[in-house]
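Reader: I would like to go through this model term by term. Please set each value against its definition.

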Amino acid sequence: MVKIDKELDTMEANVMKMARQVISMHEKVVEVLESPDREMELEIMQADDIINHMEEEVNDQAVRSLALLSPVASDLRKVVADIKIASELERIGDYAKNVAKYLLKQDAQFPHVLEYAQQMEKYMINMLQETMKAYEERNVESAFEIVKRDQYLNQLVKEIRARLKEESGENLIEDVFVVSGMLRNIERAGDHIKNICEHIIYMMKGQHYDFG
């Protein structure tokens, strides 16, 4: 039992390390949204490779634990949850890369778009930080509460789309499509945070929830 506990502790440390790296990527996204910086935008995109490697490391650890250590049911749930959480974090890292890629390609921005994007990013980062705190503390109640916060991100996307329709001219459809695609990455990151909450609840209670 001591050996499996050590493996699980190491896996959890790696998941938390991965989360910190993903949060760092999105904090840099906030910076470039406020003050465009081509070098930092490229740095965000390159950091995605690090996240991919971290996910592989967690998966490799999980395989070793399952194959060699014969974990009991609660430990199995922990291993499965860590695999899934690592996968969600990898996707959230992808969204930081996608926003950085968008900013690299777009020279001009619409009024208020970057302000909304910053607001969404900061809110999403806080959601992720609180979610990973719930993971570390095994706090199921917090996981349930965090899920409800995703509605605010969805509301912000609706607001900026309405704003764009008022401001855009002859290229309305193209403008809304391009900007919505960028904001959709942040919105989708919130969806994956909800998924992490689902995995935390499964890890602790053995119950499956689908928060949509």
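Predicted model: local features only at pLDDT ≥ 70, side-chain atom pairs only at ≥ 80, totals over all residues.

Reader: What is the secondary structure of the protein chain?
Author: The protein chain has seven helices and zero strands. Helices (H or I, at least four residues) and strands (E, at least two) are DSSP runs, numbered from the N terminus.

Reader: What makes the protein chain as compact as a globular protein of its length?
Author: Its radius of gyration is 19 Å, close to the 17 Å that the globule rule gives for 212 residues, so the chain is as compact as a globular protein of that length. The radius is taken over C-alpha atoms, and the rule is 2.2 Å times the number of residues to the power 0.38.

Reader: Why is Leu-156 called buried?
Author: Buried means under 20% relative accessible area, exposed over 50%, and partly exposed in between (1.4 Å probe, protein chains only). Leu-156 has 2% relative accessibility, so it counts as buried. Leu-156 belongs to helix H6 (residues 150-167). Apart from neighbours within four places in sequence, Leu-156 is in contact (heavy atoms within 4.5 Å) with Tyr-116, Gln-119 and Met-120.

Reader: Why is Arg-138 called partly exposed?
Author: The relative accessible area of Arg-138 is 31%, so this residue falls in the partly exposed class. Arg-138 sits in the loop between helix H4 (113-137) and H5. Although not a glycine, Arg-138 has a positive phi of about 60°.

Reader: Which residues of helix H5 are buried?
Author: In helix H5 (residues 140-148), the buried residues are Val-140, Ala-143, Ile-146 and Val-147.

Reader: How do you know that the buried residues of H5 line one face?
Author: Seen down the axis of H5, they fall within an arc of 120°, so they line one face of the helix. The arc is that of the directions from the helix axis to the C-beta atoms. On the other side of H5, Glu-141 and Lys-148 are exposed.

Key. Residues numbered from 1 in each chain as written. Heavy atoms only, no water.
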